[in-house]
Amino acid sequence: MSVSPAAVAASQQVSAAVSAPVSTPTQADLLDFVRRTAADADLIASLALDPEGRTWVRLEGPGGSEAWLIGWPPGTGTGWHDHADSVGAFVTAAGELKENSLAVRLPADGWKTLELTDDVDRERRLPAGKGRSFGRHHVHEVLNESADQHAISVHAYYPPLPQIRRFSRSGPILRLEQVERPEDWQ
Ligand SMILES: [Fe+2]
């Protein structure tokens, strides 16, 4: 029995339609990926570390996600930023990171400064092996507060980050400083 090209095409369309939702990584998928990647001792050891600044290598994340292996010298951090509509996950592979985050959704546009209420700050310590995932519009800064130890972490975002908004902060006042696009960090 022969199968017509049209029938083959139709069956491929059906399988593509069925598999599409599975290929969109969830927060749980990203967290699973960063945990498994952080457990790859050879990969973690392969990252070049620089005492003067962060180092990074882009990784292939699951389902077309954007992933990074990042090295953090003592005393370095990201500054406050958000991740647009992407969800994400990260885990500390070596050393310890601290995350300060905001439990509030920021307005999308039309503002330059915001006064935060005093109940929105969250912080968590992430020693080696600890990580977290986050939903859309997550706002945070990540720091290596150690005086003498590098930290290494694995991060993943889906969809790949279209932009990052960067903020400065003075007490409760958050100020929008700049908007970065992928060409700024790739
Ligand atoms: Fe981030």
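The legends below describe close-up views of one predicted protein model.

Residues are numbered from 1 along each chain as its sequence is written. Because the model is predicted, local features need pLDDT of at least 70 and side-chain atom pairs count only at pLDDT 80 or more, while totals for chains, interfaces and linings use all residues.

**View 1. The protein chain and its secondary structure.** The protein chain has three helices and twelve strands; helices (H or I, at least four residues) and strands (E, at least two) are DSSP runs, numbered from the N terminus. Of its 186 residues, 27% count as buried. A residue is buried if 20 or more other C-beta atoms lie within 10 Å of its own, exposed if 12 or fewer, and partly exposed in between, with C-beta atoms placed from the backbone. Among contacts in the protein chain with a separation of 6 or more, 78% are between residues 24 or more positions apart; two residues are in contact if their C-beta atoms, placed from the backbone, lie within 7 Å.

**View 2. The open sheet of five strands.** The strand order is E1-E2-E10-E4-E8, with antiparallel pairing; two strands pair if DSSP finds at least two bridges between them. E1 and E8 are at the edges with a single partner strand each, so one side of each has no neighbour in the sheet. On average, neighbouring strands of this sheet are turned by 15 degrees against each other, direction ignored. Axes are lines fitted to C-alpha atoms, for helices over the stretch in contact, and angles run from 0 to 180 degrees between N-to-C directions. E4 and E8 run antiparallel and are joined by four bridges. Gly-88 has Phe-134 in E8 as its bridge partner.

View 3. H2 (residues 27-38) has twelve residues, which at 1.5 Å a residue should span 16 Å, and its end C-alpha atoms are 16 Å apart, in agreement. The expected span of a helix is 1.5 Å times one less than its number of residues. H2 lies across E1, E2, E4, E8 and E10, and runs at about 20 degrees to E4. Its buried residues are Asp-29, Leu-30, Leu-31, Phe-33, Val-34, Thr-37 and Ala-38. The cover over these buried residues includes helix H3 (41-46) as well as strands E1 (55-60), E2 (66-72), E4 (87-94), E8 (131-134) and E10 (151-158).

**View 4. His-155 in strand E10.** His-155 belongs to strand E10. It counts as buried because 23 C-beta neighbours lie inside 10 Å. Apart from neighbours within four places in sequence, His-155 is in contact with Val-34, Ala-67, Trp-68, Ile-70, Gly-88 and Phe-90. Among these, Val-34 is one of the buried residues of H2. The C-alpha atoms of His-155 and Ala-67 are separated by 5.4 Å, although the two are 88 residues apart along the chain.

**View 5. The open sheet of seven strands and its edge at E7.** The strand order is E6-E12-E11-E3-E9-E5-E7, with antiparallel pairing. E6 and E7 are the edge strands, each pairing on one side only. Neighbouring strands of this sheet are turned by 30 degrees against each other on average, direction ignored. E5 (residues 96-102) and E7 run antiparallel, with seven bridges between them. Strand E7 (residues 121-127) lies largely in the open, because the number of buried residues among its seven is zero.

**View 6. Strand E12 between E6 and E11.** Strand E6 (residues 113-115) runs antiparallel to E12 and is joined to it by three bridges. Leu-114 stands opposite Leu-174 in E12. On pairing with strand E11 (residues 164-170), E12 makes seven bridges in the antiparallel sense. Ser-168 has Arg-175 in E12 as its bridge partner. E11 and E12 form a hairpin with two residues between the strands, where Gly-171 takes a positive phi near 60 degrees.

**View 7. Leu-176 in strand E12.** Leu-176 is found in strand E12 (residues 173-180). With 16 other C-beta atoms within 10 Å, Leu-176 is partly exposed. Its contacts, leaving aside neighbours within four places in sequence, are Trp-111, Lys-112, Arg-165 and Phe-167. Leu-176 and Trp-80 are 96 residues apart along the chain, and their C-alpha atoms are separated by 9.6 Å. In a regular strand, side chains alternate between the two faces of the sheet.
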